[in-house]
Amino acid sequence: MRFWSVRDTARSWGISERLVQRLCAAGRIAGAQKISGAWMVPVDALKPADPRRVGGREDSARADEEPAEPGSAPVDLLGAEDILLPSGAEMAHGAGAQLFGRLMPLMNSAFEPGSCRQVIDGFDDPGMRAVALAEYCYFSGRAEDAARISSELLAHADIAVRLSACLIYAYANLPLGNISRSRFALAELQAALRAVPSVSSAQSRAAIAFMGYTSSVLLHIPLPNDAPPTEDLLPLLPAGLRSFAIYVRAHGMYLAGDYARSLGMAEAALLLNAETYPIPDIYLHLVAVMDCMSLKRTDDARRHLLAAWELGRPDGLIEAFGEHHGLLGGMLESAIKNDWPEDFRRIIDITYRFSAGWRRVHNPATEETVADNLTTTEFAVSMLAARGWTNREIGQHLDISTNTVKSYLASAFRKLGIGKRQDLAKFMLR
């Protein structure tokens, strides 16, 4: 059985650490154990219900509540100082304190590689189970299924289900070529981010801002001017989302050219994780590959790529590899292509489909001209050349001859209408 600390439990449930300790001591959390003087809570433990008064008195039908002493006020273990009052909109969908712990439930789940489907089937709530299935379809490269499932959840009464479905729907429609639908979903997320001040709780603001950062940074488009600092958001997110938010932040540093700092952040997050969260961990490893390749640390890049592969391959979670292909500097060709040719072909198919939609959102938003007419190998070779790699270094990395490198570059130059290496940069990803 896997356990959370009091701190992680408090963050996940949206209550104070003191209250978690009180609930444990009162026997209100099934399976909670005191180990070396500290309470530990099972990861799958349910948050105790709020014993609020019904009809002006304590609901005496609740068997798990202790009766109040005669003449005393009812005992409320979820005391007033710990209850985060929802806004009017959130009142209809559940308290805002619950929102941040329920976004992207599969991403936010710790599990052993190979057990993804069991995790999905283990969600009792139908809405959460449907979102988790849509996540699985997306992260395993089945965009059609992800779009279909998430589309049915866009008007769901549960705001956590609705926002999660909106993010999945936006990304799933990119490789399907449905750019207007992606734009619609991204606009909805940005609108939610701009409305952050009207949301009642810090946790809810963190959750909505997390969605906004994710949609912006991964598409390499500018953040809204009113986006709150990431430092304010990370402590409020549960472990899985926090890891993915660190990836998003590290990705932003990578885009700014701060490769060493980005790498340090990604590696620290992987080192400090007490449990394995396969989806965010894959993304953390991949941003580390990007940084290592930019720093010409190819051995470290290979190590991170194979670590990501060990996490993703047992469940077929290969979408992230296709999304990041152009940023990985030929590492997929070097480390995956020969040993897993069928998987590599699927990844390349994802790359072509995702990249086409990605550019149709990214290029107009940034007024950049990332190339869309190169093969994946031509793009990888051109990316490395644009970053100052010599033909010899590129050839050694990809295990091809220098003449083959020259051939790929000549083809890329011809397609892009340029005549020298210095002109490659404006057509490449950062």
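Mentor: The account below begins with the chain as a whole, turns to helices H11 and H13, and ends with other parts of the chain.

The model before you is predicted. Its secondary structure comes to 20 helices and 5 strands. The chain has 430 residues, and 53% of them count as buried.

Now to the pair itself. Two packed helices are described by the angle between their axes and by the distance between those axes. Helix H11 covers residues 239–255 and helix H13 covers residues 278–294; they pack at an angle of about 20°, and their axes are 8 Å apart. Angles under 35 degrees count as roughly parallel, and H11 and H13 are therefore roughly parallel to each other. The crossing in which H11 passes H13 is left-handed. On the side of H11, the contact is made by Gly240, Ser243, Phe244, Ile246, Tyr247, Ala250, His251 and Tyr254. On the side of H13, Pro280, Tyr283, Leu284, Val287, Met290, Asp291 and Ser294 take part. By type, the residues of this contact divide into 10 nonpolar, 4 polar and 1 charged.

Ser294 lies in helix H13 and is buried, with a relative accessible area of 19%; the cut-off for buried is under 20%. Leaving aside neighbours within four places in sequence, Ser294 is in contact with Tyr254, Tyr259 and Arg387. Ser294 and Leu328 are 34 residues apart along the chain, and their C-alpha atoms are separated by 9.1 Å.

The loop that joins H13 to helix H14 (298–312) contains Lys296. Most residues other than glycine have a negative phi. Lys296 has a positive phi of about 60° although it is not a glycine. At 40% relative accessibility, Lys296 counts as partly exposed. Met104 also has a positive phi, near 45°, and is a residue other than glycine. Met104 is found in the loop between helix H3 (88–91) and helix H4 (116–121). Its relative accessibility is 3%, so Met104 counts as buried.

A second pair of helices may be set beside the one you asked about. Helix H6 (residues 143–151) and helix H7 (residues 159–173) pack at an angle of about 145°, with their axes 8 Å apart. The crossing of H6 and H7 is left-handed. The contact is made by Ala143, Ala146, Ala147, Ser150 and Ser151 of H6, together with Ala165, Ile168, Tyr169, Ala172 and Asn173 of H7. These residues divide into 7 nonpolar, 3 polar and no charged.

Finally, consider helix H18 (residues 376–386). Of its 11 residues, 10 are buried, so H18 is largely enclosed by the rest of the structure. Among the buried residues of H18 are Phe379, Val381, Met383 and Leu384. Just after H18, Gly388 takes a positive phi of about 95°. Arg387, as noted above, is in contact with Ser294.

Key: Residues are numbered from 1 along each chain as its sequence is written. This is a predicted model: local features need pLDDT of at least 70, side-chain atom pairs count only at pLDDT 80 or more; totals for chains, interfaces and linings use all residues. Side-chain values use heavy atoms; hydrogens and water are left out. Buried means under 20% relative accessible area, exposed over 50%, partly exposed in between (1.4 Å probe, protein chains only). Helices (H or I, at least four residues) and strands (E, at least two) are DSSP runs, numbered from the N terminus. Axes are lines fitted to C-alpha atoms, for helices over the stretch in contact, and angles run from 0 to 180 degrees between N-to-C directions. Angles under 35 degrees count as roughly parallel, over 145 as roughly antiparallel, 65 to 115 as roughly perpendicular and the rest as oblique. A crossing is left-handed if the near helix is turned anticlockwise from the far one by less than a right angle, and right-handed if clockwise. Contact means heavy atoms within 4.5 Å. Ala, Val, Leu, Ile, Met, Phe, Trp, Tyr, Cys and Pro count as nonpolar, Asp, Glu, Lys and Arg as charged, and the others, Gly among them, as polar.
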